[in-house]
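Please examine the sequence and the three-dimensional model shown below. The paragraphs that follow lead from the whole chain to its parts.

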Amino acid sequence: MRQLLPVGLLSVVAGCAAPVEFTCLESDPLCEIVTVLSDERPAATGVDIVGLAAYQGVEHWILKDGDTVEDEVRLVAGRDTLFRVFIAPHDDFVSREITARVYVFQAGKLSGAAQANLAPLGVSTETDLGSTINVRIAGSAMDGDATVQVELVEASATASGPEREGDSVWPDGDPHPIVVEQNGGLLRVYYVPVVQKDGDTEYAPDMSDDHVESIRQQMWAAFPTAEVEFVIGEDYTPSYLISDNNAWSNLLNEMVNLRSDPDRGVEPDQYVYGVFSQSVACSGCPAGLSYLAYTESADYSRASIGYDSISAGTMVHEVGHAHGREHSPCGGAAGPDPNYPHEGAIIGVRGYDLLSDVLFEPDTVYDFMSYCWPSWASDYTWEALYQRIKGVNALYNAAPSNARLQNTALRPLFVSPDGELTWGEPLRGELSPGGLSTPVELLDDLGRPVTVVDGVFVPYDHLPGGMIVMPDPGVGRVRVGGRLSPAL
Ligand SMILES: [Zn+2]
């Protein structure tokens, strides 16, 4: 039995004898629902529904070649979703446009409905986006306990083909359950314009609204989250030009220090991203630099930097490191993740970009944590990012506490690419650090070891060095790996 009748809220719109006056805003998903429900059309003849897949970034099959699929690719609550309806026209199908309608229900109530047209040229194929009927459902409809149903109707209100009926509704019964999961709904970025000064000459990054919004949207397209929030921080002016690797490393460490600056008010769940102009020559420098954040509680390592001109792709990669992602093994990327599941860092599962409306084939596109191109998120990276976003939001946003903003008894000691040690600001937060265990010797005034404490090493992604997070020694010097720190 078909279950396409509106229930609950929508019954007031579509089911009443006296129509309810309804004004919808352009962006209101209810407008789309009303448009679909108020436009009854005959079922399409001569064509079958044979497949259904959902795309928020990585392909998630629901129905494939007529069989239901339990796909492990995560569907994220609150995120826009493209449904591709795979169809097979019968041999006698008379060429014309047909409409696919997708209905999403939450706890049995219709939460989203949308439609799209296609004049089918043949059986849908996986690789051809133009061969499927692609229906986009607003993120507000996607949540737990979701079910989905699809139907094919004639694109014209009157025309009905001469062919026999096909399987124009799926499922032909109760809507099909899909698993949609919450991971906190948000990825927060604290975006810092880094302004370089050389005498009277100023090199400022592109902070035009269009450019910054374009980067924000590209970040949203690549990460499994409902929304990406950009907070634009005040300008930061380093005391040097970013013209060599040590300057890169210094700037990244200053971004870590910004996290401890009460005037800035950076929240622990925010990803600090320093962006700067490429106008200053820098030979042999990386395109971006980040800390590798081993755990969701390692807020001090949620810091990255990169050029403004190429920052969308770079930023996705760098903030990926700040989500604890190591390199995927292609293009000579250092420290490749030994657990990456697909040979040569191919993405392994078809991808789809909600922003550019493009498919990425599983065996010719590479994971964006590699150095190979073209790139997109693999299923592996998508899942890991999903889990990290969920972990960060659970720690900081599900149960906010004032303690997270207090200074801890921890302090970072930065290690530059050429091995120079400098102290950072005391860290905020309430959580124990994560990283590679590293013993630190505390020294007395005469340089004699007093005791050994446990620190953790957090590496840079694209340069030698990183930071050692340790209990704040307060005063004096420490020795790590045979190197002597400056005095605190
Ligand atoms: Zn990298």
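Two strands pair if DSSP finds at least two bridges between them. Helices (H or I, at least four residues) and strands (E, at least two) are themselves DSSP runs, numbered from the N terminus. The model is predicted: local features need pLDDT of at least 70, side-chain atom pairs count only at pLDDT 80 or more, and totals for chains, interfaces and linings use all residues. Residues are numbered from 1 along each chain as its sequence is written.

The confidence of the predictor in each residue is expressed as pLDDT, from 0 to 100. The mean pLDDT of the chain is 90, and 91% of its residues reach 70 or more. Over residues 1-20, however, pLDDT stays under 50. The secondary structure of the chain comprises 6 helices and 28 strands, and the C-alpha trace spans about 95 × 45 × 45 Å along its principal axes. A residue is called buried if 20 or more other C-beta atoms lie within 10 Å of its own, exposed if 12 or fewer do, and partly exposed in between, with C-beta atoms placed from the backbone. Of the 488 residues of the chain, 46% count as buried.

The chain is divided into domain 1 (8-178), domain 2 (187-396) and domain 3 (403-484), with bounds that come from an automatic or database domain assignment. The C-alpha centres of domain 2 and domain 3 lie 24 Å apart. Their contact takes 24 residues from domain 2 and 26 residues from domain 3; two residues are in contact if their C-beta atoms, placed from the backbone, lie within 7 Å. On the side of domain 2 that touches domain 3, helix H4 (245-258) and strand S16 (288-290) each supply at least two residues. The largest share of that side, 7 residues, comes from H4.

Consider next the strands. An open sheet of 5 strands has the order S3-S2-S1-S4-S7, with antiparallel pairing. Strand S3 (67-68) and strand S7 (133-137) stand at the edges, each with a single partner strand, so one side of each is left without a neighbour in the sheet. Within this sheet, strand S1 (residues 47-55) and strand S2 (residues 59-64) pair in the antiparallel sense over 4 bridges, and Leu52 stands opposite Leu63 in S2.

How many of its residues are buried? In S8, 7 of the 9 residues are buried, and the strand is mostly covered. Strand S5 (residues 98-106) pairs with S8 in the antiparallel sense over 9 bridges, and Thr99 stands opposite Val153 in S8. S8 also pairs in the antiparallel sense with strand S10 (residues 176-178), over 3 bridges, where Val148 has His176 as its bridge partner. A further antiparallel pairing joins S8 to strand S9 (residues 169-170) over 2 bridges; here the bridge partner of Val150 is Trp170.

Leaving out residues up to four places away in sequence, Val85 touches Ile49, Leu52, Ala100, Thr132, Ile133, Val135 and Val150. A nonpolar core is a set of buried Ala, Val, Leu, Ile, Met, Phe, Trp, Tyr and Cys residues joined through C-beta atoms within 7 Å. The largest such core has 126 residues, and those with the most contacts inside it are Val85 and Val102. Helix H6 (residues 379-396) gives the largest share of this core, 9 residues.

Some details of the backbone remain. Most residues other than glycine have a negative phi, and most peptide bonds are trans. The peptide bond from Trp170 to Pro171 is cis, with omega near -10 degrees, and Pro171 lies in the loop between S9 and S10. Another cis bond runs from Trp373 to Pro374, with omega near -5 degrees. Phi is positive at Ala107, near 45 degrees, and at Ala345, near 65 degrees. Are these two alanines buried or exposed? Ala107 counts as exposed because it has 11 C-beta neighbours inside 10 Å, whereas Ala345 counts as buried because it has 28. Ala107 is found in the loop between S5 and S6, and Ala345 in the loop between helix H5 (311-322) and strand S18 (351-353).
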